[in-house]
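Trainee: I'd like to learn how to read a model like this one. Could you walk me through it?

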Amino acid sequence: MPLMLRIVTDSTCDLPNSLLEEHNVTVIPLNVIIDGQTYADGIELSHAEFYAKMAASKQLPTTSQPSPAKFRDVFQKILDAGDDVFYVGLSSTLSGTLQAAKIARDLVESPERVTIHDTLSATYAEGMLVMQAVKLAEEGRTAGEIQAELTELRKRQELVFSVDTLENLRKGGRINNLSFLFGSLLNIKPILHLDYEGVVQAFDKVRGKKNAILAVKRFLTERPIDMEFPVAIGHTSDQGTVQVWRELLTELGVKVSNIFDFELSGVIGTHVGKGANGIIYFSKA
């Protein structure tokens, strides 16, 4: 028997396709543009293909959000099938994607049957909220109840990461020029995090891999991990750092079975660049 509430998300959630298919989650892709060619994120271009093309291109890729018409078509199809829509989307502070979804909601028949949730986050932090929405929907919870629970849970989302270069974030408008200049001049390794309002903030600026590890460890200690949830290690063509973070997490008491790693989607990878890596989890209440 189909769910009365269908969970919808976008391609930046970085959840495995097998998991999305198992729970009948509908995914609307964003777009990445490389050398003038537009690709549907994760559909027309795999993660590996994206990073290979980005490395070979002389220009940084760009990204674009789905059109309101795309959202409208997906929402209306679900409504016509008899289910309501609960869209869990990429932070409104990072993209206009959520606004496109809101416009689309006003264009469908019975817009009151469409709920839109702003995760104020991205990548697997968004994905964790998607899976929480799935869990609650499968328990028969209402859209209003799910919205309330996700709103509380997102206050504990933690996403701490480092990048090899600030250029991608600067060109994408995710940090200001002063931060870019400071980082470039001193050749430092910035430790960044996404705050509870969905804004990229600097946690620390360090030199060397050892100091970067210590800075991330301090972040995790100040905001202790809630062991009831999985902990994810995300990276952009930086598999070598995954083991470093795994060792740190196990040192802090996270079970090996509760840790997994993934490569970031092309859209997120565009903005953080090659060599980015980070840890995503929920902190204790």
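Mentor: Start with a cluster: ring pairs link F71, F75 and Y87. Rings of Phe, Tyr and Trp (its six-membered ring) pair if their centres lie within 6.5 Å; planes under 30 degrees apart count as stacked, over 60 as edge-to-face and the rest as tilted. Bear in mind that this is a predicted model, where local features need pLDDT of at least 70, side-chain atom pairs count only at pLDDT 80 or more, and totals for chains, interfaces and linings use all residues. Residues are numbered from 1 along each chain as its sequence is written, and side-chain values use heavy atoms, with hydrogens and water left out.

Trainee: How many aromatic pairs does a search of the whole structure find?

Mentor: Nine. Take F75 and Y87: the ring centres are 6.3 Å apart and the planes sit at 55°, so this pair is tilted. F75 belongs to helix α3 (residues 68-80) and Y87 to strand β6 (residues 84-89), so the pair ties together parts twelve residues apart in sequence. Helices (H or I, at least four residues) and strands (E, at least two) are DSSP runs, numbered from the N terminus.

Trainee: Is F75 buried or exposed?

Mentor: Buried, with a relative accessible area of 0%. Buried means under 20% relative accessible area, exposed over 50%, partly exposed in between (1.4 Å probe, protein chains only). Y87 is buried too, at 0%. Now look at F203 and F219: their ring centres are 5.0 Å apart with planes at 85°, so that pair is edge-to-face. F203 lies in strand β10 and F219 in helix α9 (residues 209-222).

Trainee: Which strand pairs with β10?

Mentor: Strands pair if DSSP finds at least two bridges between them. Here β9 (residues 189-194) and β10 (residues 200-206) pair in the antiparallel sense over six bridges. K189 has V206 as its bridge partner in β10. The two strands form a hairpin with five residues between them, and G198 in the turn has a positive phi of about 80°.

Trainee: And what about empty space?

Mentor: Rolling a probe the size of a water molecule over the atoms shows where empty space is left.
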